[in-house]
Amino acid sequence: MREIWKVIRREVRIFRQRPVYILASVGVMIFNTVFYVTFMQDGLPHDLPVGIVDCDRSSTSRSFCQQLDATQLSQVVYYDDLHRARRDMQTGRLTAFIVIPEGFNDDIQASRQPHIAYYVNSLYFVGGALSYSSILTMLNLTNGAVQRQFLRARGVSEGEILSRIQPIVLDAHQIGNTTTSYGVYLNSVLLPGVLEMIVILITVYAVGSELKYGTSRHLMKTAGGSLVKAITGKMAVYTLIFTVLGISLELFLYHWLHYPIKGSVWWMCLDILLLVAAAQAAGLFIIGLFPNLRLAVSVGAIYSVLGFSLAGFTLPVEAMLPGLRGFSAIFPLRHYYLFYVQEAIFGSGFAGWWQEVVHLLLFLGLPLPVFRRLEDAYVNQRYEKD
Amino acid sequence: MKKTKISYAGQWLRDWYGIFIHELRLIFSDAGAMVVFFVGGLLYPVLYNLIYYNGSVDEIPVAVVDLSDGACSRRFVQEFDATRECEVYCKCVSMAEAEQLLRERKVHGILYIPRDFDSCLARMEQGHISTYADMSSFLYYKNLRTASSLVMLDEVHQIQLEHYAEAGFDGQSASTLVQPLVTEENIPYNRPFSYTIFFISAALMLVIQQTMFYGSSMLAGTLRERNHSFASLPDRLQGLGMGRVVLGRGAAYLAIYLVIGTIVTLLIPYLFRLPQHAAWWEILVLLGFFVVDCIFFSFTWGTLITRRETVFVLFLSVSPICLFLTGFSWPETAIPGLWRAVSYIFPSTFGCRAFINLNTAGGTLQTIAPEIRALTVQTVIYYFLACAAVFAENRLHKRLAHRREPQPSES
């Protein structure tokens with residue numbers, strides 16, 4: 001126990017001497033949190049630029065434009081000709097544009113079914129999809145308005161008009177994110193992903209630095225020749241920092257920002273603690289497998305970046321190629337995400353997420369097979385300098 | 001400018017060439033940098049293409065709770081099942097059963113039709129249908145919403161036609177009434193809203209910038225660790241030599257990255273059958289501007305790196321941030337002012353947009369002229385910053401060396 005305490009004191013000294021540790025852990029986490037939270041603070045984008053080429057300039061077409069402009073999602077930009085609008089869409093300045101043909105008003109009055117054409121830029125995903133749905137809604141409302149005029153002229157009662165225009169009403173409910181906030185959706189998993197990345201990189205860096213700077217024998221001596229004690233003491237310092245970061249993150253998201261959560265924020269804290277522990281184990285595995293700081297850091301970087309995609313919170317895992325689906329399980333973030341779905345979205349409690357706890361705990365066994373290899377590297381210091 | 005010596009240009013070129021060759025040798029003898037450049041630069045595009053191979057999610061399982069069980073509700077469910085987006089996983093007898101399936105993640109949405117749906121329609125009242133989407137992925141929500149809206153609109157038309165027929169309208173006049181406007185939908189560039197096309201288009205250029213930044217900073221960090229400084233490398237360098245050092249080193253990266261960049265921007269889209277709507281030479285022009293900008297960008301910011309591995313530890317999380325700053329997902333117009341200003345720091349902001357507009361949206365060089373202009377401005381600024389960094393580091397290094405003189409050198 002005394003040796004572990006000595007190693008901890010030694011590690012604290014290293015931590016204070018090298019600013020990279022505090023910058024790469026606390027600094028990076030704070031910066032990323034501030035970035036993603038403020039970047040998507042509106043939840044959903046609004047006032048997306050939608051172009052309108054109004055060749056009719058009638059009261060009907062103008063009221064259509066005004067109504068579209070009045071929606072929260074869109075902001076209308078007027079164009080004189082189709083080519084300029086098309087070019088602006090191609091350069092990404094417009095998310096969509098609508099062409100109202102000449103004689104639009106007359107054709108509607110005379111029931112000649114005028115053609116309205118709309119173009120959606122589907123390369124900018126969120127903006128395009130949102131504009132698309134708001135244009136569809138507007139066009140349907142316009143259809144309804146024309147029908148309403150006709151029915152009113154026939155003397156149909158207002159109540160009946162409604163059920164004739166819209167016989168079916170669709171109520172959409174979003175479970176776990178009632179406001180369909182893109183920020184809530186992404187940040188809930190993206191920020192823990194950033195923490196996972198930090199944990200892996202720092203674990204690899206802290207353990208690997210001893211090899212690189214040839215201080216591993218000194219570390220082993222401090223720990224009384226036991227690698228277990230050396231690693232325990234070393235990790236104790238970082239575990240404390242990561243734990244504080246993780247719990248702060250959960251409290252910040254669910255307590256301060258009031259991100260929707262059906263279950264308990266404390267279970268989410270358990271989730272992030274398990275994520276931290278699993279990521280540390282993964283980091284130890286990487287440095288043990290490649291006891292060479294440079295290589296291990298590169299491998300850790302590739303591994304943690306891929307974690308974001310393979311966790312399956314953007315493109316679901318079942319949509320990936322069958323051969324790749326299994327790989328998602330080797331990333332702690334995947335299990336964090338599945339735990340989060342059960343606790344924060346469905347609130348199903350222990351019965352829902354106990355399997356993910358088991359999966360994350362399984363990661364803790366990872367350092368065992370590479371233990372000898374790391375010990376060998378630490379004692380013999382066969383580190384290639386170049 | 002300095003015309004005091006005739007051999008100035010000759011000396012300049014000789015120095016430049018020496019630095020160029022030296023840097024190439026450094027890169028090719030450093031396994032780590034080679035891994036980042038060639039494995040990282042080429043592996044990531046392939047991996048991302050494999051991960052996002054199927055760009056869209058089809059037939060997500062949905063539980064249906066049809067309490068009405070009438071002709072209209074059944075037709076609705078059948079049409080819903082027929083959509084590309086959703087499939088009926090099972091018909092449940094109660095909401096509780098469907099909720100249980102949702103929690104078990106066997107289904108990702110619920111379609112609920114209340115008991116009075118058919119009778120409401122028969123009474124010419126509004127019938128209600130509820131959908132419940134699992135928000136753990138936006139694609140589930142999008143699919144459920146799209147499918148239910150499409151079916152709803154189609155059903156509404158059917159019912160309206162029936163109603164008008166009852167009132168004595170049929171044929172052409174009824175369909176004109178039901179649909180007074182005819183809409184023509186045009187979704188160019190990415191018709192199925194494929195995740196692959198949207199993500200990869202942005203990621204390809206970013207991979208170029210980030211691997212170059214990480215690789216070159218790693219090399220610079222290595223040199224600084226050994227108490228060398230790239231700024232004073234060639235001993236026979238004459239004059240201040242900032243331009244020679246920056247341009248000489250830059251040429252080495254240019255040579256490597258024109259090869260990697262061509263593979264990433266031309267060969268990878270070809271291999272994975274991504275849209276390629278621009279002429280190959282237009283892509284190469286954009287690539288030229290972008291790579292040069294990235295080189296000076298990397299040199300400038302690489303100044304902060306003092307040790308080999310710290311670039312990853314400190315700056316790895318910048319990659320996803322850069323990706324968001326390109327506006328590929330969260331639209332550019334909705335980015336808060338501060339972050340929009342930050343986005344102007346990175347070449348990727350303009351490079352990715354230009355590549356998307358040029359290659360995927362089929363623009364021309366004229367279309368991407370504003371981005372090219374921005375890249376040029378950045379290049380000039382970063383060139384001078386990189387020179388200033390060399391100058392400052394050179395000074396610092398000389399002063400340190402001077403102070404350290406009495407000691408024997410360490411490495």
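In the predicted model, A:S58 is placed in the loop of chain A that runs between strand β1 (48-54) and helix α3 (59-70). With a relative accessible area of 10%, A:S58 falls under the 20% limit and is therefore classed as buried. The side chain of A:S58 is joined to that of A:D56 by a polar contact of 2.5 Å. From A:S58 to A:V99 the C-alpha to C-alpha distance is 14 Å, the two residues being 41 positions apart in sequence.

The domain assignment of chain A comprises domain 1, made up of the segments 2-41 and 182-380, and domain 2, which covers 48-165. The centres of domain 1 and domain 2 of chain A, taken over C-alpha atoms, are separated by 50 Å. Chain A contains 16 helices and 5 strands. Its radius of gyration is 29 Å, whereas the globule rule gives 21 Å for 386 residues, so chain A is more spread out than a compact globule. Along the principal axes, the C-alpha trace of chain A spans about 95 × 45 × 40 Å. Of the 386 residues of chain A, 58% count as buried, and among the contacts in this chain with a separation of 6 or more, 75% are accounted for by residues 24 or more positions apart.

When residues up to four places away in sequence are not counted, A:T203 touches A:M235, A:F242, A:Q280, A:G283 and A:L284. Leaving aside neighbours within four places in sequence, A:T38 is in contact with B:P336 and B:W339 of chain B. A:T38 and A:L315 are 277 residues apart in sequence, and their C-alpha atoms are 24 Å apart in space.

In chain B, B:R308 is located in the loop that connects helix α10 (280-302) with helix α11 (310-315). B:R308 has a relative accessibility of 2% and is thus counted as buried, since the limit for that class is 20%. With residues up to four places away in sequence set aside, B:R308 touches A:K212 and A:R294 of chain A, together with B:D30, B:G32, B:A33, B:M218, B:G221, B:T222 and B:E225 of chain B.

Helix α9 of chain B (residues 242-271) consists of 30 residues, and the distance from its first C-alpha to its last is 41 Å, which is close to the 44 Å expected at 1.5 Å a residue. A kink of about 30 degrees is present in α9(B) and is centred on B:V264. Following α9(B), B:R273 has a positive phi, near 55 degrees.

Methods:
Residues are numbered from 1 along each chain as its sequence is written. Chains are lettered from A and ligands numbered from 1 in the order in which they are written. This is a predicted model: local features need pLDDT of at least 70, side-chain atom pairs count only at pLDDT 80 or more; totals for chains, interfaces and linings use all residues. Side-chain values use heavy atoms; hydrogens and water are left out. Contact means heavy atoms within 4.5 Å. Domain bounds come from an automatic or database domain assignment. Helices (H or I, at least four residues) and strands (E, at least two) are DSSP runs, numbered from the N terminus. Buried means under 20% relative accessible area, exposed over 50%, partly exposed in between (1.4 Å probe, protein chains only). The expected span of a helix is 1.5 Å times one less than its number of residues. The bend at a residue is the angle between axes fitted to the seven residues ending there and the seven starting there. A polar contact is a pair of N or O atoms within 3.5 Å; within protein, one must be able to donate a hydrogen and the other to accept it, and residues adjacent in sequence count only if both atoms are side-chain atoms. The radius of gyration is taken over C-alpha atoms; the globule rule is 2.2 Å times the number of residues to the power 0.38.
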